[in-house]
Amino acid sequence: MAATKTHPPSCAKATRPGCKCTNCGGTQHGWSNWVEIAREPEPVRTERRMRLIRMLTDWLAKHGEKPKAKVHPKEATVDLLRIDCAGGLARSAAGAAPDSAPIPRHDARTESGETSAGPPVAGDQPGSRAPAGEPDGSASEAEVARVPHEVEPDRPDAVEQVDAFAQAMTKDIWQDVVGELQGSPEEIKAIRLQFAHHCWCDLFIGFVQALEAFGKVVEKAPDKAKEIITEAICGSSKQKKRSKLTEQVVDMVVDKAWSAFKAAAIAHSPLFGLLSGEELLRNLRIIAIFICPAPNNHKEVQEHAIDPLLRDARAYISDETKQWLATRFKQWADGVARPAVPGSREGEGRSELGPPKRPPHD
């Protein structure tokens, strides 16, 4: 019972949380749209970002802290974070300095007030593809903090890395996964639907955990690494709604994803040899955030993808976005700064901002 060749673009460009596409089983949910946004000109990303901030400011002005509304601020805040990630990938692709280079900090106070310019955008949905327009003239801290340098000719493009990994480990294996599913048509349909319930973001979180455990020698411990990835899926907070995704089914998916990961890793002669461990982990975390149907409601993505990016020395996430996260998520309500780990660059360049007494640029 193979999936059809055609696929509705509404899944790749989804603007609402959740995914109920049995055709792709979540393998095309959102991520390709965010990769495309990373390829857009910087002024277009800046305009998207400003629209989201105006939407958030307008939402709070109209609804305050009411939990129910057409646009939920947590979803819009996560899309703000996704745009920061897309901008970070674009800067790297354009020749940003490697991880060893210092990142100049841009004082967030110089940007105060700029985001409230212009009328609110009524009816916009988080993650929607806004038409290109003239930017407001302000860019996020993450968009302007760059250190140009000459790009190494053999160094893989960061955007292409994310695209290649995501496609290889989701879309490229999906037909094989569906072909090996056992059961009646109704049972297989149910399994495919449950794949769309955060299975793929859990898969990437599993790869993150495996790399954290074994580093770049992960290929030398394939059995242990695959155990970690399988546990990330089967032990996920989302698994209680995926009763059809048995350990046998998950093992089959992990085997195929592992093979695809290794194939993608050597496609750039070799990718592991050219990327640092931090770069590889960052890319996998970004994919998890891009493909997750609702990072604002997925504990593992928050803990193993979003939180490390907030502390990332490359400052992919702007201080303004961190402030919005502090107002929307209780785990970051005390500010997003975390203690630096001795002997590690983790935490360098992190924001020292505490939670704002009022929404940013209110």
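Helices H3 (residues 42-63) and H14 (residues 319-328) pack at about 30° in this predicted model, and their axes lie 13 Å apart. An angle under 35 degrees counts as roughly parallel, so that is the label for H3 and H14. Their crossing is left-handed. On the H3 side, the residues that meet H14 are Arg49, Ile53, Leu56, Thr57 and Leu60, while H14 brings Glu320, Thr321, Trp324 and Arg328. Sort that contact by class and you get 4 nonpolar, 2 polar and 3 charged residues.

Now to H8, with two packing partners to go through. Take H12 (residues 277-291) to begin with: its axis and that of H8 are 8 Å apart, at an angle of about 165°. Angles over 145 degrees count as roughly antiparallel, and H8 and H12 are therefore described that way. The crossing between H8 and H12 is left-handed. H8 puts Trp200, Cys201, Phe204, Ile205, Phe207, Val208, Leu211 and Glu212 into this contact, and H12 answers with Leu280, Leu281, Leu284, Arg285, Ile287, Ala288 and Ile291. What's the make-up by class of the contact of H8 with H12? There are 13 nonpolar residues, 2 charged ones and no polar ones.

The other partner is H13 (residues 299-310), whose axis comes within 10 Å of the axis of H8 (residues 199-214), the two crossing at roughly 40°. That angle makes H8 oblique to H13. Here too the crossing is left-handed. H8 uses Cys201, Asp202, Ile205, Val208 and Gln209, and H13 supplies Glu300, Val301, His304 and Ala305. By class, that's 5 nonpolar, 2 polar and 2 charged residues. Cys201, Ile205 and Val208 of H8 take part in this contact, and they're also on the list for H12.

| Helix pair | Angle between axes | Axis distance |
|---|---|---|
| H3 and H14 | about 30° | 13 Å |
| H8 and H12 | about 165° | 8 Å |
| H8 and H13 | roughly 40° | within 10 Å |

Last up is H6 (residues 158-180), a helix of 23 residues. From its first C-alpha to its last, H6 reaches 33 Å, close to the 33 Å expected at 1.5 Å a residue. Where is the kink in H6 centred? Look at tryptophan 174, where H6 kinks by about 50°.

Technical notes:
Residues are numbered from 1 along each chain as its sequence is written. This is a predicted model: local features need pLDDT of at least 70, side-chain atom pairs count only at pLDDT 80 or more; totals for chains, interfaces and linings use all residues. Side-chain values use heavy atoms; hydrogens and water are left out. Axes are lines fitted to C-alpha atoms, for helices over the stretch in contact, and angles run from 0 to 180 degrees between N-to-C directions. Helices (H or I, at least four residues) and strands (E, at least two) are DSSP runs, numbered from the N terminus. Angles under 35 degrees count as roughly parallel, over 145 as roughly antiparallel, 65 to 115 as roughly perpendicular and the rest as oblique. A crossing is left-handed if the near helix is turned anticlockwise from the far one by less than a right angle, and right-handed if clockwise. Contact means heavy atoms within 4.5 Å. Ala, Val, Leu, Ile, Met, Phe, Trp, Tyr, Cys and Pro count as nonpolar, Asp, Glu, Lys and Arg as charged, and the others, Gly among them, as polar. The expected span of a helix is 1.5 Å times one less than its number of residues. The bend at a residue is the angle between axes fitted to the seven residues ending there and the seven starting there.
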